[in-house]
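Student: I have a model open and want to go through it with you. Can we start with the strands?
Tutor: Fine, ask away.

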Amino acid sequence: MWLVTTRGFFSVVQHFDDAEKVLIRARALEDLESLCELAEEVLDDASESGLSADAIIEMEEADYRYRLIADGVAWAEVVRALTAEVTYPNFKNAVTERDPDRAHIYTEVWATLLQIQRD
């Protein structure tokens, strides 16, 4: 699953060794750090669930350089909190307010995905 949020871009898949865990990947460290900040707000123990900044793994040669291995139930709670952050009427404008540089990249993704609608 790809999640494009005001907090960042995440690629999430089931962990290959443990079906109860997810692998949350990001291209930018600050994306996972922001996600971990949210996890600290909504979870009783973000560290134990794998959703803390201390748990971020860096793999320089990997497609997604930054990773977290997290408990799937805790991840679902964080996704619920991400959903609660949707208080804006326009996503692209909300991203622009938070990170104007990233907004340009997200707009390119939006334009590319528009091809699905046209085809």
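Student: In which sense do S3 and S5 pair, and over how many bridges?
Tutor: S3 and S5 pair in the antiparallel sense, over six bridges. Keep in mind that this is a predicted model.

Student: What stands opposite alanine 26 in S5?
Tutor: Tyrosine 66 in S5 is opposite alanine 26.

Student: And S2 with S3, how many bridges there?
Tutor: Four bridges, and the sense is antiparallel. A hairpin of six residues joins S2 to S3. Glutamine 14 has valine 22 of S3 opposite.

Student: Why is S3 described as largely enclosed by the rest of the structure?
Tutor: Because five of its six residues are buried.

Student: Moving to the core. Which residues touch the most other members of the largest nonpolar core?
Tutor: Phe10, Ile24, Leu32, Leu35, Leu51, Trp75 and Val78, out of 23 residues in that core.

Student: What does tryptophan 75 touch, leaving out residues up to four places away in sequence?
Tutor: With those left out, tryptophan 75 touches Leu3, Val12, Val22, Ile24, Leu35 and Leu51.

Student: What other core lies apart from the largest one?
Tutor: Another core, of five residues, lies apart from it; Phe9, Tyr64, Val95 and Tyr106 are among them.

Student: Now arginine 102. Where is it, and is it buried or exposed?
Tutor: Arginine 102 is in helix H5, which covers residues 100-118. The residue counts as buried because its relative accessible area is 15%, and the cut-off for buried is under 20%.

Student: What does arginine 102 touch, again without residues up to four places away in sequence?
Tutor: Arginine 102 touches Gly8, Phe9, Ala28, Glu30, Asp31 and Val95. Of these, Phe9 and Val95 are also among the residues of the five-residue core.

Student: Where is isoleucine 116 found, and is that residue buried or exposed?
Tutor: Isoleucine 116 is in helix H5 too. Its relative accessibility is 63%, so it counts as exposed; the cut-off there is over 50%.

Student: Which residues make the nonpolar surface patch?
Tutor: Ile105, Val109, Leu113 and Ile116 make a nonpolar surface patch of about 390 Å².

Technical notes: Residues numbered from 1 in each chain as written. Predicted model: local features only at pLDDT ≥ 70, side-chain atom pairs only at ≥ 80, totals over all residues. Heavy atoms only, no water. Helix = DSSP H or I, 4+ residues; strand = E, 2+ residues; numbered from the N terminus. Buried < 20%, exposed > 50% of the residue type's maximum accessible area, 1.4 Å probe, protein only. Contact = heavy atoms within 4.5 Å. Core = buried A, V, L, I, M, F, W, Y, C linked by side-chain atoms within 4.5 Å. Pairing = 2+ DSSP bridges. Patch = residues over 30% accessible without salt bridge, like charges linked within 9 Å, V, L, I, M, F, W, Y side chains within 5 Å. Areas by Shrake-Rupley, 256 points an atom, 1.4 Å probe, with all protein chains shown as cover. Salt bridge = Lys/Arg side-chain N within 4 Å of Asp/Glu carboxyl O.
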